[in-house]
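Please keep the sequence and the 3D view open while reading.

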There are 2 protein chains.
Amino acid sequence: MNIILGLIGDAERVMITSHENPDGDAIGSMLALGLGIEQTGKEVVYYNKDGVPETLRFLPHSERVVNSLDAVEGTFDLVFAVDCTGTDRAGSEFEDFLKTGRCGKVVIMDHHQTNNSSADFHLLDPHSSSTGIIVYSVLKRLPVEITRDIADNIYTTIIGDTGSFRYSNTNPDTFRVAAELVECGADPARISEALFENEPLRKLKLISLALPTLEVSGDNKLASVYVDKGMFDLSGARREDTEGIVNIPRSIKGVEVAVFFREEAGNDHSLWKVSFRSKGQVDVAKIAESFGGGGHYRAAGCSLAGDLGEVKKRIFESLREVLP
Amino acid sequence: MNIILGLIGDAERVMITSHENPDGDAIGSMLALGLGIEQTGKEVVYYNKDGVPETLRFLPHSERVVNSLDAVEGTFDLVFAVDCTGTDRAGSEFEDFLKTGRCGKVVIMDHHQTNNSSADFHLLDPHSSSTGIIVYSVLKRLPVEITRDIADNIYTTIIGDTGSFRYSNTNPDTFRVAAELVECGADPARISEALFENEPLRKLKLISLALPTLEVSGDNKLASVYVDKGMFDLSGARREDTEGIVNIPRSIKGVEVAVFFREEAGNDHSLWKVSFRSKGQVDVAKIAESFGGGGHYRAAGCSLAGDLGEVKKRIFESLREVLP
């Protein structure tokens, strides 16, 4: 920690980046760290390969994040890659930039359990619920005021990575930091609203059409829902609006594996994107892999051609073999 | 507070009740308070008119709650009505019981903004996110250990009444108490799964019937959903299964006030329970009060007799007057 504080103290120009396909922890950590460092009179450039997703544009100062290094000039004494298990997670443009000789020391700040130790210095704490909490501990040791903007950004990192304090990475420190951030002006209701209560009406219409397709089998351990092209047409919903629908069958008592079938666009033949969620007893990555897809133990996906009845039959048969 | 502590110290037999149609705050507060008082050597009877809903039966010692006073014998030095805006909220059987002369002092513990002051003593704190937090402050002043069972119960009151730290009643104290409870053994992930990923299938069927009733008006600032008797029959769902349905219209982007209409049981005439949720610009407690109900600024409710069209018209007219 002291080395990192010393590096910040000595630096004049700082670059901060985070992993591609950024989430709340990636963007919130970048912004909070940079806003704090700026208070000490340094210049900060914020970079993320994919920019800030629409759902996170409510974050204070998120408009400052650039998604290209083309227009970035000069050298940097200090470069941070936050919420990254390695510098490669920030994308190839950033990795190439590191090789230009325009960067001084590179520091990774991260809370993931595994880290490939690809930087000069590492500030790692797997106990922290989010990387933002590590950023907070750094800022508290600098002559920096935790402004409302900083507090909002760090609070968002926590909400995002704990699913609003629901996941098992929620610990007493998570709550203590949250308490302090709210005292500094972070607004739990406004942030939760921005993250969770901002659904387009068309998505609700789509869910309303999808819910009657709910099917439960395998001793109630298997639940599925589907959305076909007709439902997209009827609701005006987009493919991206199906985010989170798989959590509906997952919420049912006793269900071990939830499956969501989404018919893909295109007219020549029927193609279905299949998303799996497991509550922990079934490794759905294995199932997805057996159909040419992939993912994690509890969340995975694949694509199958064919009519829905056929696709469902193949998936369900495969799942029933591994259900507890 | 000191009077209440004195009353607990002097009592030998204590009855604790909470409001009808109990939620997590009602049951969790009852159990936490009682389990604490039992540690000081007193006998406690737990009563709720409607018993413990299935979704809350994971709460430690919830099996001790009785839903009838018929078999309850003897007298009580001290009676608590927790999470109640008045003793009437515990139901008529309880109100009749108070008149039998078998009860000593009656104390209300509550965090609602309005309270009809119907008891002998009141411990009210609208700043507390849940009544459970008031219970916690009482237990901390008694020679009581905050066991894991007590911590789980109080933690559940917080999760329930803040929607997992999402509502505007979430404040630094909410988080500080949560931190202490987790240190005492409360398990955020287990409780969250029990509360949010444990829905009976019949509830999903009910939601599936309710969603097509989604109605958006007032420049998309007002959204409503209803559930009538027919839907309960068709889905096999119970009244308690409607918990949280009001959050569906509330989740829509731009919606300021969400309303949920639920038809009550009974055959002689139509009666509707109306739940309001505001995103912050409208004080729905005022609206609910104008119809004889009550609640908080952002979450309130009332009951209206009449057919649905009529009830909706009255409510919507009243809301449109105050919409921004």
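In the predicted model, Ser18(A) stands opposite Val82(A), a residue of β4(A). This pair belongs to the link between β1(A) and strand β4 (residues 76-82) of chain A, which run parallel and are joined by five bridges. On the subject of neighbours, β1(A) is also joined by five bridges to strand β2 (residues 43-47) of chain A, again in a parallel arrangement, and there Arg13(A) is placed opposite Glu43(A) of β2(A). Why is strand β1 of chain A largely enclosed by the rest of the structure? Strand β1 (residues 13-18) of chain A is largely enclosed because five of its six residues are buried.

From β4(A) the pairing continues to strand β5 (residues 103-110) of chain A, in the parallel sense and over six bridges, with Phe76(A) standing opposite Cys103(A) of β5(A). Strand β5(A) in turn pairs in the parallel sense with strand β6 (residues 121-124) of chain A over four bridges, and in this pairing Val107(A) has Phe121(A) of β6(A) opposite to it. The table collects these pairings of chain A.

| Strand pair | Sense | Bridges | Residues standing opposite |
|---|---|---|---|
| β1(A) and β2(A) | parallel | five bridges | Arg13(A) and Glu43(A) |
| β1(A) and β4(A) | parallel | five bridges | Ser18(A) and Val82(A) |
| β4(A) and β5(A) | parallel | six bridges | Phe76(A) and Cys103(A) |
| β5(A) and β6(A) | parallel | four bridges | Val107(A) and Phe121(A) |

Turning to chain B, an open sheet of six strands is found in the order β3-β2-β1-β4-β5-β6, with parallel pairing. Its edge strands are β3 (65-66) and β6 (121-124) of chain B, each of which pairs on one side only. Within this sheet, strand β1 (residues 13-18) of chain B and strand β2 (residues 43-47) of chain B pair in the parallel sense over five bridges, and Met15(B) has Val45(B) as its bridge partner in β2(B). Helix α2 (residues 24-39) of chain B lies across β1, β2, β3 and β4 (76-82) of chain B, and its direction makes an angle of about 170° with β1(B).

Chain B holds another open sheet of six strands, in the order β7-β8-β9-β10-β12-β11, and here the pairing is mixed. The edge strands of this sheet are β7 (215-217) and β11 (294-295) of chain B, each pairing on one side only. Strand β10 (residues 271-278) of chain B and strand β12 (residues 299-305) of chain B pair in the antiparallel sense over seven bridges, and Trp272(B) stands opposite Leu304(B) of β12(B).

Helix α8 (residues 201-210) of chain B is mostly covered, since seven of its 10 residues are buried; among them are Leu204(B), Leu206(B), Ile207(B) and Ala210(B). The cover over the buried residues of α8(B) includes β8 (222-227) and α9 (229-235) of chain B. Ile146(B), by comparison, is found in the loop between α4 (131-140) and α5 (148-162) of chain B. Ile146(B) counts as buried because 21 other C-beta atoms lie within 10 Å, where 20 or more are required. Neighbours within four places in sequence set aside, Ile146(B) is in contact with Leu139(B), Ala151(B) and Cys184(B). Ile146(B) and Ala32(B) are 114 residues apart in sequence, while their C-alpha atoms are 9.0 Å apart in space.

On the scale of whole chains, chain A is divided into domain 1 (2-196) and domain 2 (202-322), and the centres of these two domains of chain A, taken over C-alpha atoms, are separated by 34 Å. Where the chains meet, 35 residues of chain A are in contact with 36 residues of chain B. On the side of chain A that touches chain B, α6 (172-183), α7 (188-196) and α8 (201-210) of chain A each supply at least two residues, and α6(A) gives the most, with seven residues. The residues of this side of chain A divide into 19 nonpolar, eight polar and eight charged.

Key:
Residues numbered from 1 in each chain as written. Chains lettered and ligands numbered in written order. Predicted model: local features only at pLDDT ≥ 70, side-chain atom pairs only at ≥ 80, totals over all residues. Buried ≥ 20, exposed ≤ 12 C-beta atoms within 10 Å, placed from the backbone. Contact = placed C-beta atoms within 7 Å. Domains from an automatic or database assignment. Nonpolar A, V, L, I, M, F, W, Y, C, P; charged D, E, K, R; others polar. Pairing = 2+ DSSP bridges. Axes fitted to C-alpha atoms, helices over the stretch in contact; angles between N-to-C directions.
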